[in-house]
Amino acid sequence: MAETTTATGAQAFSTPANSAGYLAVIAGLTTGILHLYLIPGALATAGTTGGVLFALNGIGFVGGTVLYLSKYWRKELFIVAALYALASIVAMFMVHGWTIDSLLYRNGSIAQWAITAKSAESILIGSSLYLYSNS
């Protein structure tokens with residue numbers, strides 16, 4: 001296990017203990033970085049509020065991933081991670097409508113970024129719940 005130590009010798013960061021942890025890291029970073037990448041588009045279509053919400057969501061996912069890899073992670077935070085990802089999925093439907101088309105299409109085109117982000121968030125929900133139940 002790779003690790004970084006502090007001056008006191010305590011482990012500051014470590015790698016996940018199993019493959020579900022790696023899956024959670026990949027999913028969290030994917031959706032987090034994607035939200036940060038999409039800030040300009042959100043600013044253009046939804047204004048300042050949309051841009052700020054995308055920035056906060058991206059920072060939340062990336063920050064949560066860093067927290068998971070740190071010594072401050074606790075088992076209960078797996079539930080928080082799953083609920084955060086679920087809230088992000090629900091928020092997208094609240095903004096764009098409660099149909100499957102709101103996930104798949106934007107202005108008549110395939111919404112590849114939305115599909116990618118929401119798929120990553122779904123994977124994060126599953127892996128977080130698995131890690132909670134097995135830790």
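User: What makes lysine 118 count as buried or exposed?

Analyst: This is a predicted model. Buried means under 20% relative accessible area. Lysine 118 has 9% relative accessibility, so lysine 118 counts as buried.

User: And how do you know whether glutamate 121 is buried or exposed?

Analyst: The cut-off is again under 20%. Glutamate 121 has 0% relative accessibility, so glutamate 121 is buried.

User: Why is the contact of glutamate 121 and lysine 118 called a salt bridge?

Analyst: The label needs a side-chain nitrogen of Lys or Arg within 4 Å of a carboxyl oxygen of Asp or Glu. Here the N to O distance is 3.0 Å. The pair therefore meets the cut-off. Side chains of opposite charge can pair when their charged atoms come close.

User: How many salt bridges does the structure hold?

Analyst: The structure holds one salt bridge.

User: Where do glutamate 121 and lysine 118 lie?

Analyst: Both are in helix H5, residues 112-133. They are three residues apart, about one turn of the helix.

User: What is the volume of the largest pocket, and how many residues line it?

Analyst: Its volume is about 930 Å³. The lining has 30 residues. Ala42, Phe54, Met92, His96 and Arg106 lie nearest the centre.

User: Which element gives the most to that lining?

Analyst: H2 does, with 10 residues. Helix H2 spans 39-69. Other elements that give two or more residues include helix H1 (19-37), helix H3 (77-96) and H5.

User: How do the lining residues of the largest pocket divide into nonpolar, polar and charged?

Analyst: There are 17 nonpolar, 11 polar and two charged residues.

Technical notes: Residues are numbered from 1 along each chain as its sequence is written. This is a predicted model: local features need pLDDT of at least 70, side-chain atom pairs count only at pLDDT 80 or more; totals for chains, interfaces and linings use all residues. Side-chain values use heavy atoms; hydrogens and water are left out. Helices (H or I, at least four residues) and strands (E, at least two) are DSSP runs, numbered from the N terminus. Buried means under 20% relative accessible area, exposed over 50%, partly exposed in between (1.4 Å probe, protein chains only). On a 1 Å grid over the protein atoms alone, a cavity is a set of points where a 1.4 Å probe fits but cannot get out, and a pocket is an open set with protein on both sides within 12 Å along at least five of seven lines; lining residues have an atom within 4 Å of a point. Grid points are joined across faces, edges and corners, and a volume is the space filled by probe spheres set on the points. Ala, Val, Leu, Ile, Met, Phe, Trp, Tyr, Cys and Pro count as nonpolar, Asp, Glu, Lys and Arg as charged, and the others, Gly among them, as polar.
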